[in-house]
Amino acid sequence: MRSRATGLNATLLAGAIVALAGCSASSDEPREVPDTDLPVTEVLSRPDGFTQGFEVLSDGQWLMGTGGYGESQIQVVDADGKVVESANLPDEEFGEGTTVIGDTAYQLTWQSGVVHTWTLPDFQPGPSQSIEGEGWGLCSDEGAGGLWLSDGTPTLSLVDAESFDTISQVQVSDANQPVFNLNELECIDGAVWANVWQTNDIVVIDPSTGDVTRTYDFSDLAADQDTSEPGHVLNGIAYDDSSDSLLITGKEWDAVYRLDYAELIEQ
Ligand SMILES: [Ca+2]
């Protein structure tokens, strides 16, 4: 027992040293913009989490959804990157994409077939919906009259926001090749932006045809992060219309990168 206690003390001491090292770096100081040709304007703090859903709310706060069994949450995050509201999903559910329509926030689950809703801004649970198959990403497309839903296949489904009935589907392809692993989504100006899971690519999809019209390589952002853990990949796109900027993050990343949207699409 004595040696075990000694080992424990050593572990605690090591943890304290790590914590002190973290303090000396001052987590409140803004991170430097990484060396990149991407139009990154700001590096923002964010809460810890295995990011699966990301959207900017009408009041400028962020809606973030996280995954992991026993760890999945939906969160409202303020401008300082602090969680101001959160709700836990049941331990047997794995949280996925999130989005908002009006005063309703949605969060998908991966393989449970459940879609949770909350009312905003009071953040009270609303009625649940159900889907067939897996849930990966979600974004609201007012022009199309519903929510685009990805499920890891090349299929994007437009679903009704109240019933979650499928309105239409489109097959996503790039130069006539199907694109699998479409993950977190963002609806911007009639297009659907999608993280491609386990890559640093975000594709822009014309949902009327399923064609990928552009692919962005965000490897420079991944290079600014510790992605040595295989799951800690790029995931999370949110458009901020108050500043015409795009917010990009990843699973367990320690920052959100703000990019000038107009400049990005002009590149
Ligand atoms: Ca999003």
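Student: Which protein donors does the calcium ion have, and how far away do they lie?
Tutor: In this predicted model, the donors are Phe 54 (O), Glu 184 (OE), Glu 184 (OE), Leu 185 (O), Glu 186 (OE) and Ile 237 (O). They lie 2.3 to 3.0 Å from the ion.

Student: How are the donors of the calcium ion spaced along the chain?
Tutor: The spacing reads F-x129-E-L-E-x50-I.

Student: Why is the arrangement around the calcium ion irregular?
Tutor: The 6 donor atoms subtend angles of 46 to 179°, which makes the arrangement irregular. For reference, ideal octahedral angles for six donors are 90 or 180 degrees.

Student: Glu 184 and Glu 186, buried or exposed?
Tutor: Glu 184 is buried, and Glu 186 is too.

Student: Strand E17 next. What joins E17 to E18?
Tutor: Strand E17, residues 182-188, runs antiparallel to E18, and 5 bridges join them. One of the residue pairings is Leu 182 with Val 196 in E18.

Student: How many residues sit between E17 and E18?
Tutor: The two strands form a hairpin with 2 residues between them. Asp 189 is in that turn and has a positive phi of about 50°, although Asp 189 is not a glycine.

Student: Is Asp 189 buried or exposed?
Tutor: Asp 189 counts as exposed, at 70% relative accessibility.

Student: And where is Asn 181 found?
Tutor: Asn 181 is in the loop between strand E16 (177-178) and E17. Asn 181 also has a positive phi, near 65°, in a residue other than glycine. With a relative accessible area of 25%, Asn 181 is partly exposed.

Student: Which residues of E18 point which way?
Tutor: Ala 191, Trp 193 and Asn 195 point one way, while Val 192, Ala 194 and Val 196 point the other way. All of them are buried.

Student: What does E18 pair with in E19?
Tutor: Strand E19, residues 201-206, pairs with E18 in the antiparallel sense over 4 bridges. Val 192 has Ile 205 as its bridge partner in E19. E18 and E19 also form a hairpin, with 4 residues between them. Gln 198 in that turn has a positive phi of about 70°.

Student: Core packing now. Which residues touch the most other members of the largest nonpolar core?
Tutor: That core has 22 residues, and Trp 193, Phe 218, Leu 221, Ile 248 and Leu 259 touch the most other members. Elements giving two or more residues to this core include strand E1 (40-44), E18, E19, helix H2 (219-223) and helix H3 (261-266). Strands E21 (234-240), E22 (245-250) and E23 (256-260) are also among them.

Student: Which other core lies apart from it?
Tutor: Another core, of 16 residues, lies apart from the largest one, and its members include Trp 148, Val 192, Ala 194 and Val 196. In general, nonpolar side chains in soluble globular proteins tend to be buried together.

Student: What is Leu 259 in contact with, leaving aside neighbours within four places in sequence?
Tutor: The contacts of Leu 259 include Leu 38, Pro 39, Val 40, Thr 41, Phe 218 and Leu 221. Asp 244, Ser 245, Leu 246, Ile 248 and Leu 264 are also among them.

Student: Different topic. In what order do the 4 strands of the open sheet come?
Tutor: The order is E2-E3-E4-E5, with antiparallel pairing. Strand E2 (51-56) and strand E5 (83-88) stand at the edges with a single partner strand each, so one side of each is left without a neighbour in the sheet. The twist averages 15° from one strand to the next.

Student: How many bridges join E4 to E5?
Tutor: Strand E4, residues 73-77, is joined to E5 by 5 bridges. Gln 73 stands opposite Asn 88 in E5.

Student: Which peptide bond is cis?
Tutor: The bond from Leu 120 to Pro 121 is cis, with omega near 5°. Pro 121 is in the loop between strand E8 (114-119) and strand E9 (124-125).

Student: Last one: how many helices and strands are in the chain?
Tutor: The chain has 3 helices and 23 strands. Of its 267 residues, 49% count as buried. Among contacts with a separation of 6 or more, 46% come from residues 24 or more positions apart.

Terms used: Residues numbered from 1 in each chain as written. Predicted model: local features only at pLDDT ≥ 70, side-chain atom pairs only at ≥ 80, totals over all residues. Heavy atoms only, no water. Buried < 20%, exposed > 50% of the residue type's maximum accessible area, 1.4 Å probe, protein only. Pairing = 2+ DSSP bridges. Donors = N, O, S within 2.8 Å, 3.2 Å for Na, K, Ca; no water. Tetrahedral: all angles 85-135°; square planar, octahedral: opposite > 155°, others 65-115°. Core = buried A, V, L, I, M, F, W, Y, C linked by side-chain atoms within 4.5 Å. Contact = heavy atoms within 4.5 Å. Axes fitted to C-alpha atoms, helices over the stretch in contact; angles between N-to-C directions.
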